[in-house]
Amino acid sequence: QIWQFGCPQCMADQWTRRPYNYDWYRIGHWNGCAPDGADCRESKCCANPSKQCYEKDSSWGSCRSTCEPGSIDPFDPPQYQTPWACTLIGGDPSPSPSPAPPSTPAPPAPLAP
């Protein structure tokens, strides 16, 4: 905790703001989600919010922007260039639409005298 007691290059303001060197929380380790390039099957979430966890097969899953079932990633090593199942893990493929606001009934017609 040296940043609390006099490390000026480490400290923004020890009581009101997070220290400058605490950017590690952005890579997903703080919230337990998988960073890019890691197996996300256990965490079921991705540190990069623009990606989702897709299962390739029973031994690998990765955070990807999109996934086409049956596709082969050309960047995988040759021995691992097998088709992706693209089973979404731990998330909904598209956000559900928000419910429509309740409609208000029309006011009653005035009574005749």
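A disulfide is a pair of cysteine sulfur atoms within 2.5 Å. Cys-40 and Cys-53 form one, with their sulfur atoms 1.9 Å apart. The views below come from a predicted model, in which local features need pLDDT of at least 70, side-chain atom pairs count only at pLDDT 80 or more, and totals for chains, interfaces and linings use all residues. Residues are numbered from 1 along each chain as its sequence is written, and side-chain values use heavy atoms, with hydrogens and water left out.

**View 1. The chain and its strands.**
The chain has 0 helices and 3 strands. Helices (H or I, at least four residues) and strands (E, at least two) are DSSP runs, numbered from the N terminus. Along the sequence the pattern reads β-β-β. Of the 113 residues, 19% count as buried. Buried means under 20% relative accessible area, exposed means over 50%, and partly exposed lies in between (1.4 Å probe, protein chains only). Among contacts in the chain with a separation of 6 or more, 23% come from residues 24 or more positions apart. A contact means heavy atoms within 4.5 Å.

**View 2. The disulfide of Cys-40 and Cys-53.**
The structure holds 4 disulfides, and this view shows the link of Cys-40 and Cys-53. The angle about its S-S bond is 90 degrees, and the link is right-handed. Cys-40 lies in the segment before strand 1 and Cys-53 in strand 1, so the pair ties together parts that are 13 residues apart in sequence. Both Cys-40 and Cys-53 are buried.

**View 3. The disulfide of Cys-33 and Cys-45.**
The sulfur atoms of Cys-33 and Cys-45 are 2.0 Å apart. The torsion about their S-S bond is about -105 degrees, so this disulfide is left-handed. The pair links distant parts of the chain, 12 residues apart, with Cys-33 and Cys-45 each in the segment before strand 1 (52-57). Cys-33 is buried, because its relative accessible area is 12%. Cys-45 is partly exposed, with a value of 22%.

**View 4. The disulfide of Cys-67 and Cys-86.**
Here Cys-67 is joined to Cys-86, S to S 1.9 Å. With -70 degrees about the S-S bond, the link is left-handed. Cys-67 and Cys-86 each sit in the loop between strand 2 and strand 3, and the pair links distant parts of the chain, 19 residues apart. Cys-67 has 16% relative accessibility, so it counts as buried. Cys-86 has 13%, so it also counts as buried.

**View 5. Ser-62 and its contacts.**
Ser-62 has its place in strand 2. Its relative accessibility is 11%, so Ser-62 counts as buried. Neighbours within four places in sequence are left aside here. Ser-62 is then in contact with Ala-38, Cys-40, Gln-52, Cys-53, Tyr-54 and Trp-84.

**View 6. The largest pocket.**
Rolling a probe the size of a water molecule over the atoms shows where empty space is left. On a 1 Å grid over the protein atoms alone, a pocket is an open set of points where a 1.4 Å probe fits, with protein on both sides within 12 Å along at least five of seven lines. The largest pocket holds about 160 Å³ of space. That volume is the space filled by probe spheres set on the points, with grid points joined across faces, edges and corners. Lys-56, Asp-57, Ser-59, Trp-60, Asp-76, Pro-77, Gln-79, Tyr-80 and Thr-82 line the pocket; lining residues have an atom within 4 Å of a point. The lining divides into 3 nonpolar, 3 polar and 3 charged residues. Ala, Val, Leu, Ile, Met, Phe, Trp, Tyr, Cys and Pro count as nonpolar, Asp, Glu, Lys and Arg as charged, and the others, Gly among them, as polar.

Asp-76 is in the loop between strand 2 and strand 3. At 19% relative accessibility, Asp-76 counts as buried. Its side chain makes a polar contact with the side chain of Lys-56, at 3.0 Å. A polar contact is a pair of N or O atoms within 3.5 Å; within protein, one must be able to donate a hydrogen and the other to accept it, and residues adjacent in sequence count only if both atoms are side-chain atoms. Not counting residues up to four places away in sequence, Asp-76 touches Lys-56, Gln-81 and Trp-84.

**View 7. Pro-83 in its loop.**
Pro-83 is found in the loop between strand 2 (60-64) and strand 3 (87-89). Pro-83 is partly exposed, because its relative accessible area is 47%. Pro-83 and Gly-70 are 13 residues apart in sequence, and their C-alpha atoms are 4.6 Å apart in space. Beyond residues up to four places away in sequence, Pro-83 touches Lys-56, Gly-70, Ser-71 and Ile-72.
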